[in-house]
Amino acid sequence: MFEYAPAPESRDIVDIKPSYGLFIDGEFADAEHSFKTVNPATEEVLAEVSEAGAADVDRAVAAARRAYDMVWSKMAGGERAKYLFRIARLIQERSRELAVLESIDNGKPIRESRDVDLPLVAAHFFYYAGWADKLEYAVADPRPLGVAGQVIPWNFPLLMLAWKIAPALACGNTVVLKPAETTPLTALAFADICRQADLPPGVVNIITGAGQTGRALVEHDGVDKVAFTGSTDVGRQIARSVAGTPKRLTLELGGKAANVVFDDAPLDQAVEGIVNGIFFNQGHVCCAGSRLLVQESIAEELLDRLKTRMATLRVGDPLDKNTDIGAINSAAQLNKIRMLSDIGEQEGATRWSPPCELPDRGFWFAPTLFTDVAQSHRIAQDEIFGPVLSVLTFRTPQEAVEKANNTPYGLSAGVWTDKGSRILWMAQRLRAGVVWANTFNKFDPASPFGGYKESGFGREGGRHGLEAYLR
Ligand code: NAP
Ligand code: MG
């Protein structure tokens, strides 16, 4: 191995303030309590952020209601579109700043925030801006729902915000959104973009805080629609609290995707797809290809090539443009990954990581591969949400389908084969909302995304994504 010279992206473009208020009714205002957000790559405290209490949630929902009744639901779709296009263009103009801020607050490599997250965020706003005056082509007699309470996780902070806010606004709803506790900064930068775009006050409200704030929001009587992305456990609690109320609900939850490689697959491409499937964004991806199912006859060769490729992955400074794997988002998430990996060893699986030096400070986990994995192992069943791949083998396509579907989740899957007929055969049998063929982790705003079983219900993206925000 040879050494690269570091190529760090400058963080001068970002102006992080010492403290941030809540964004309610077009104004930033401090709450009574606050919490700290940290750079997970250095453990440096970045800023003090307001924690919304019950009274703040009341104010935010009331502001969203006023904006809905008086302005946004009355506005012609073509006018709403102008605001969304303006927001999309401002995101593009400020994309370098937003990408650097995302990498600092979340720990993801700048290469990904710059080349994946930000282009998709802008694309999502452009896409739904285009729908705002064409809703009658999506559903008959389109009418908005009212105030949407939206709660999102930390793995794609700005992208999950875009998935939630763009379709809601396009359909004429107003929103109160709570970002995750560990990654509030890009949502607050987005609030600034709403002001820059002259979006009427109250149409978008951003309330920062932890789980309690999210709970107060989804349980609030003034909310007509709850949209949640996060863990299956919290999703279950929310489903319970919303049951029996008139609120509409969509849940985008966890996953444990199978990436299935047949013996006729192009192996080097498959290796790239496997690496992208599980090591992209440190494996903090709901649709990550965390279970590799490889046909027995090629398992040895594929694993040799995969290990060779894994040894070239560069773990370290998220702002370095050479970095492939950045920091784990929090100490708590690192502990969870360590705990599940230790259980993997205790249950008898074989653990392997390439030699790799990890920085002293911050939260890090080397890319990890488990072989000799049984379907009953926790590492084959539980969502690890980290850079950890479990490998299983199969002999026949039927066995591949059975193993792939043997999970409580049903979000995504990958199929690698030379035969088009086999791709279709597999896609018909895999219980997954998205099936990628000879690729993985590809996203497009026009394509609906969502799960089956314990991965949730409802779709985000595409024409289907509008239905979640229309009566
Ligand atoms: P999480 O713990 O469920 O948190 C998600 C969000 O809910 C956070 O903003 C969290 O606040 C908040 N929250 C926590 N408890 C709550 C409660 N009782 N009521 C309302 N809100 C509450 O999930 P996470 O660990 O952050 O995110 C990882 C999970 O998200 C994984 O399971 C992943 O698969 C899933 N995910 C799914 C998709 C998809 O599209 N299906 C996409 C991305 C991620 P705090 O974090 O501030 O405490
Ligand atoms: Mg942070």
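## A tour from a loop to the ligand

Select Asp141: this residue is found in the loop between H4 and strand E6 (147–151). Helices (H or I, at least four residues) and strands (E, at least two) are DSSP runs, numbered from the N terminus. You are looking at a predicted model, where local features need pLDDT of at least 70, side-chain atom pairs count only at pLDDT 80 or more, and totals for chains, interfaces and linings use all residues. Residues are numbered from 1 along each chain as its sequence is written, chains are lettered from A and ligands numbered from 1 in the order in which they are written, and side-chain values use heavy atoms, with hydrogens and water left out.

Most residues other than glycine have a negative phi. Is Asp141 buried or exposed? Asp141 counts as exposed because its relative accessibility is 53%. Exposed means over 50% relative accessible area, buried under 20%, and partly exposed in between (1.4 Å probe, protein chains only).

Next, select Asp198. Look in the loop between helix H6 (185–196) and strand E8 (204–206). Asp198 is not a glycine, yet its phi is positive, about 60 degrees. Asp198 counts as exposed, at 56% relative accessibility.

**A buried aspartate**

Now go to Asp117, in helix H4 (residues 110–131). Asp117 is buried, with a relative accessible area of 1%. Which side chain makes a polar contact with the side chain of Asp117? Show Lys108: the two side chains make a polar contact at 2.6 Å. A polar contact is a pair of N or O atoms within 3.5 Å; within protein, one must be able to donate a hydrogen and the other to accept it, and residues adjacent in sequence count only if both atoms are side-chain atoms.

**The ligand**

Finish at ligand 1. Of the 30 residues around ligand 1, Ile152, Glu181, Ser231, Leu253 and Glu383 come nearest. Being around the ligand means having a heavy atom within 4 Å of it. Colour helix H7 (211–218), strand E9 (225–229) and helix H8 (232–242): each supplies at least two residues of the shell around ligand 1.

Now zoom in on three residues:

- Ser231: an N or O atom in its side chain is 2.6 Å from an oxygen atom of ligand 1.
- Gln237: an N or O atom in its side chain is 3.2 Å from a nitrogen atom of ligand 1.
- Gly211: a polar backbone atom is 3.2 Å from an oxygen atom of ligand 1.
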